[in-house]
Amino acid sequence: MNVPAPAGIATLVAYIATIPAANLTVTHFGALPVGFGYAAPAGVYMVGLALVLRDLAREAAGRKAILAAIAVGTVVSYFLADPALAFASAAAFAVAEIMDFAVYEPLRTRGLLVAMLASNAVGLLADSLIFLKMAFGSFDYLPGQILGKAWMTLGAVAVLALLRRRKHATAEALPRS
């Protein structure tokens, strides 16, 4: 069995933490505005972050670790948040993850950020549709869900792009031996 490096473990832990955090925020805060007059269940930002962390954790730890992380996050959610929300969340994460694999894996050769943007677009739509139907029985929050998750994905990808640019600039500035 391959054990992920410390960075991979940290990313997995952060990913796992977003799952109950999303469900807890929905349970305790309900809906909140996400911009342009739309609202979404409060966990929308945590789920948006989870989509990005999932891709980073997959890079660092692999697919099997991500599937295990979804299971662990679901169990933690079940005990900390409303069990119905935890179940809806788990179903949404699982289906979104399968769809994400189908998009992410072929696009990964074109670069991490390209694969992440495309797979997160598919993942956030699948997650939103399944979660809203199972948790609330309606799609009233769908535009807000999509917008809130998109904000987080775009923000995280922008940060990653800046970090990558900075890393390359630092590497080029180092003297060569």
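Analyst: A salt bridge is a side-chain nitrogen of Lys or Arg within 4 Å of a carboxyl oxygen of Asp or Glu. This is a predicted model, so local features need pLDDT of at least 70 and side-chain atom pairs count only at pLDDT 80 or more, while totals for chains, interfaces and linings use all residues. Residues are numbered from 1 along each chain as its sequence is written, and side-chain values use heavy atoms, with hydrogens and water left out.

User: How many salt bridges does that rule give?
Analyst: The count comes to ten salt bridges. One of them joins the side chains of Arg54 and Asp100, at 2.9 Å from N to O. Arg54 is in helix α2 (residues 44-61) and Asp100 is in helix α4, 46 residues apart, and the pair links distant parts of the chain. Helices here are DSSP runs of H or I with at least four residues, strands are runs of E with at least two, and both are numbered from the N terminus.

User: Are Arg54 and Asp100 buried or exposed?
Analyst: Arg54 is buried, and Asp100 is buried too. Buried means under 20% relative accessible area, exposed means over 50%, and partly exposed is in between (1.4 Å probe, protein chains only).

User: What about Lys149, which partner does it have?
Analyst: Lys149 forms a salt bridge with Asp127, and their closest N and O atoms are 2.6 Å apart. Lys149 belongs to helix α6 (residues 142-173) and Asp127 to helix α5, 22 residues apart. Lys149 is buried at a relative accessible area of 0%, and Asp127 counts as buried at 3%.

User: Switching to rings. How many aromatic pairs are there?
Analyst: The structure holds five aromatic pairs. Rings of Phe, Tyr and Trp (its six-membered ring) pair if their centres lie within 6.5 Å; planes under 30 degrees apart count as stacked, over 60 as edge-to-face and the rest as tilted. Tyr15 and Phe93 are an edge-to-face pair, with 6.3 Å centre to centre and 90° between the planes. Tyr15 lies in helix α1 (residues 6-29) and Phe93 in helix α4 (residues 83-107), 78 residues apart. Both Tyr15 and Phe93 are buried.

User: And why is the pair of Phe136 and Tyr141 edge-to-face?
Analyst: Their ring centres are 6.0 Å apart and their planes are at 70°, so the pair is edge-to-face. Phe136 is partly exposed at 38% relative accessibility, and Tyr141 is partly exposed at 28%. Phe131, Phe136 and Tyr141 form one aromatic cluster.

User: Last one: how many helices and strands does the protein have?
Analyst: The protein has six helices and two strands, in the order α-β-β-α-α-α-α-α from the N terminus on. Buried residues make up 40% of the 177 residues.
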